[in-house]
Each structure stands twice: as C-alpha cells, then as structure tokens.
Amino acid sequence: MNNSYKKNVVIIGGGPAGLATALMLAKRGWRDITVIEKRPSADYYEPDKSFSYQIDGRGQKLTDLLELTPKLADLSVPSTEFYWTLIQKDGTRKTTKLPIADSKRKTAYWLPRASFVELLYQEIHQHWQDSIQVLFNTDCVEIKQHIEHLEVITQSQYQEKLSFIPTLLVGCDGFTSIVRQTLHQMEGQSHSFEMQKFPSASSGLKYKVLTLPPQFPLSESEEDLAETTMAYSIRSTFKGRKKAISLGLLPFKNPDQPRTANIITYPDHQIWQLETQAEVKQFLTQAFPQLPLEKIISPEEIARFASSDGGKFPIPQYCSGLYQIWGKPEENQGTAVILLGDAAHCFPPDIGQGVNSALEDIYEIHEILAATQDNLSQALPHYESLRQPDIKALIRLVQISYPWQYNQDPLQKQLWSLNFFGRLLLNRLFPFLFNPHSILLIQNHQLSYSEILAKSNKTTQVLAILGGLAILTLIVSLMT
C-alpha cells in the first residue's frame, strides 16, 4: 500500500484507547492523525472519575508493542507488591498481601487513570508530533454522511469549528459514543450498532469519590500516616444496606498524588439524600469515628462531595457491529469507521478488564492491519469476525465472575466465595477435569475471553452432572 493512503485519521476520544490507537497507527507509518478530546488536558483531574487502572498482561501486549511497559512500571505499584489494610470500625487493622493464585499471571501494574493517559500523551508529545495532533477542549458535534465519505465537524471551547474528511474514523469516545450513535442512525433497519444490554448484580450501583491528602493521618498520632503504596478498606460503624458504607482506596506510586476513597452503594442509600455540607460532615463523622476526619477532609472537599451527583455503574453491553465503510478508502475516496473500547463494549469495573480489553482491541487491529498491509477494506471485516466472539464472551464473564464484591448482598457474596474456593480446590485435586474460577482465568492473558468462558462453562457442566448424579443416588438410596 502506498504511503499517500495512510493518512487523514480522526480519532474521537483522547482517553487511553484514543491516544493508544494514535500511537499504534503512527508506529505503523500512518500520518495526519488528529485526536479530538473534550477534556482540557491529558492529566485533567476529575474527582468523581479518578479511576485507578490495573494494566495486566492483556493490556501489556499493546504497551510492549509501543515500548512503554518499562515507563508504565516506573509509574505504578506492581501486583507483586500489592498490600491491603483493613481498618475496622474500632480502629483495629489487619494488613494482607494480595495472593498470586495464578502462576501464569504476568505482573500487573496499578496506577491512576490520569497518570496512564499522561504517559501516552507524553509519548506523543516527545516522539510523534509530526504524525499526531491532539485537540483538547474540543467536541465532535456532528458526523455528516456524504455519498462516498463522512465529514466530521468539531467545535472548540471558543466556538471555533473545524471540518475533517478522514480516510479512517475511529470511535474511542465511550459508551455514549457519537460515532456509534451516528452509525446506528445511518444503518436503517439493521440494529448492528445498537447496544445489546445484559443484567448484572453490580449494574446500577452508584459511587462517589472523596479526595484525601496523599499521606493522610490514620489516627491522632502525628507519625501514623497512610502509606501511598498501600490499599485500604475502611469500615463504618453503620449497619444495614441503606446506611453502612466503606471507604476503598487503591495504591498509588506517586507520594504527592491525592488519594481517592471510593464509596459504592445502592441508589437508595442514605448518602445520596445528604444535600448540605453540614449533613455530609455529620454523616461521615458518625460513620468513621476511628479516623481524625477534620485533619483528613477539608471543608472545600466536603462541599464538593455534597454537590456532586457521583456516577453509576453501567449495564454490561456491546454492539455486534464494529465497523462500516463508505466508498473506497484504499483509493483515498472513502471513509472507514471502526469502534474500539467502551464505544463497542462497556460494563461495570468488576473484573478490571475495561482498559485491558480496550488495549487488546487496539493490539488485535494492529495485528490484522499488519497481515493485510493496512488495507482497511480487508482488515476491518476480518477484525469484526475475529473480535466479536471474544466481546460476547467478555460480557458474559462480567456477569458471572465477581459482581458481588461491593458488599451489596452478604449472602450472595458468601455463595460466590464457596463457588470460588470450591473450584479452586477441585482444580488442584483434579486439574484434568476442573478449571479454576473465571476470575482467576481472566488473569491469564494467554487465554482469549472465548477460551476462558468455554473453560468456565465446562467446569459448570461437570459440576451439574456430578450434582445430578449425587441427587439421583440419594433418591435411589432412600427408595431402597
């Protein structure tokens, strides 16, 4: 393919998927790549969207390709050094090291979302400015359909409009993707770009985030400070589904970075009824008497927390269509469109695969582009046929793997634990017959999501057969 074809790329969404896609294409020799991002900067801090990522072996296939894994490791807390401290309501503490149950697991890295996005952006800024431009504070406001191509209309914060006619349009703009919605509106009677939604025990849970100082005090003692690289779970004195809460903090490498405490509850929890700064302060003070809250949470943070609407875990969903082509993009007379990451599949954060599945999407399209010599008319259909089964399997794995981890139903969590440890024990005793729980299989990046689901289903079938035989044997014995 000639170099004149490998240009004019527009990527909607400058998060991890968007910036990583730009880097992958630039590394492949593509030019004139424009990333459209509505946020003001790569490291922009949004309190209620201050997610932490665990980049596992699946995501590292792409960071290895981009030669960024060593830099990623420098910014992160490795899974091999993950320590977790439980602080009970009476102040007692217990520290545990996260067990590595899967020997095939590659070391994963924990870091804030903003740090990972900034890492990708700095790679662009330092090495790929000739190929990639990132337009911050810019929205994609419309995608127009012409006979043989698409036109992308963007608008900056200063109301300045730009028009692009891309050879390749990439939707990396999340589950409310304007790219996917536009494709859905254009497709007529087909519903391939309409999200198919599936139930999950964690869907609909709401969350808020408290921003804490980097090394906040854990008690009145001046020397008793939180460790930046330590994860914490802090239990409240309250009981009952509508009042009990916990603060969950994931580890950070940077000792100067503010800590984020996640509060995850049902929508009818009392915390969503608190409207004033005084109500929030009183609630938190009563909930966590073991902490010196006045030294930890500023009045400004309490006011921000009170006014915040928080967020909600999405329903597991995906669309069956992953691409569309207008005209002949291989002859610079058309537009090819592809959906990656949350624009094509999204779900609650139960299994830590949101960012990793997105990075794997990008790695897979890279491999297919290499095999087809960047011919989009060949590559995109091939990508959809190969990736679609894994996406369907991923959504099913989200439903069954670990949806009860937020303490929303203690009984269901106990039943899950019995299932988890039962499969783990049976696997160690009879590895030829039983597989470990899917949450462990997911950590093996050498297995595809389809293979993981097949192994999980096989073990479920064997357990069902053995359970049926046991019941039948019991009935026969009682009859005789």
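**Ground rules.** I worked on a predicted model, where local features need pLDDT of at least 70, side-chain atom pairs count only at pLDDT 80 or more, and totals for chains, interfaces and linings use all residues. Residues are numbered from 1 along each chain as its sequence is written, and side-chain values use heavy atoms, with hydrogens and water left out.

**Sheet.** I looked up an open sheet of three strands, in the order β13-β19-β22 with antiparallel pairing. β13 (196-197) and β22 (345-346) are at its edges with a single partner strand each, so one side of each has no neighbour in the sheet. For the terms, I took strands (E, at least two residues) and helices (H or I, at least four) as DSSP runs numbered from the N terminus, and two strands pair if DSSP finds at least two bridges between them. β13 pairs with β19 (residues 317-318) over two bridges, in the antiparallel sense. I found Lys-197 opposite Gln-317 of β19.

**Salt bridges.** I counted a side-chain nitrogen of Lys or Arg within 4 Å of a carboxyl oxygen of Asp or Glu, and the count came to 16 salt bridges. Which residue does Glu-360 bridge to? Its partner is Arg-58, with the closest N and O atoms 3.3 Å apart. Glu-360 is in helix α9 (residues 354-371) and Arg-58 in helix α2 (residues 57-65), so the pair ties together parts 302 residues apart in sequence. I noted both Glu-360 and Arg-58 as buried (buried is under 20% relative accessible area, exposed over 50%, partly exposed in between; 1.4 Å probe, protein chains only).

Next I checked Arg-304 and Glu-301, whose closest N and O atoms are 2.8 Å apart in a salt bridge. Both sit in helix α8 (residues 299-307), three residues apart, or about one helical turn. Glu-301 counts as buried, at 9% relative accessibility. I also traced a network joined by salt bridges that share partners: Arg-58, Lys-61, Glu-360, Asp-361, Arg-387 and Asp-390.

**Patch.** Which residues form a nonpolar patch on the surface? I listed Leu-425, Leu-429, Phe-430, Phe-432 and Leu-433, together about 520 Å² of accessible area (Shrake-Rupley method, 1.4 Å probe, with only the protein chains shown as cover for residues). Patch members have over 30% relative accessible area and no salt bridge; like charges are joined within 9 Å, and nonpolar side chains (Val, Leu, Ile, Met, Phe, Trp, Tyr) within 5 Å. Leu-429 belongs to helix α11 (residues 410-429), and Leu-429 is exposed at 52% relative accessible area.
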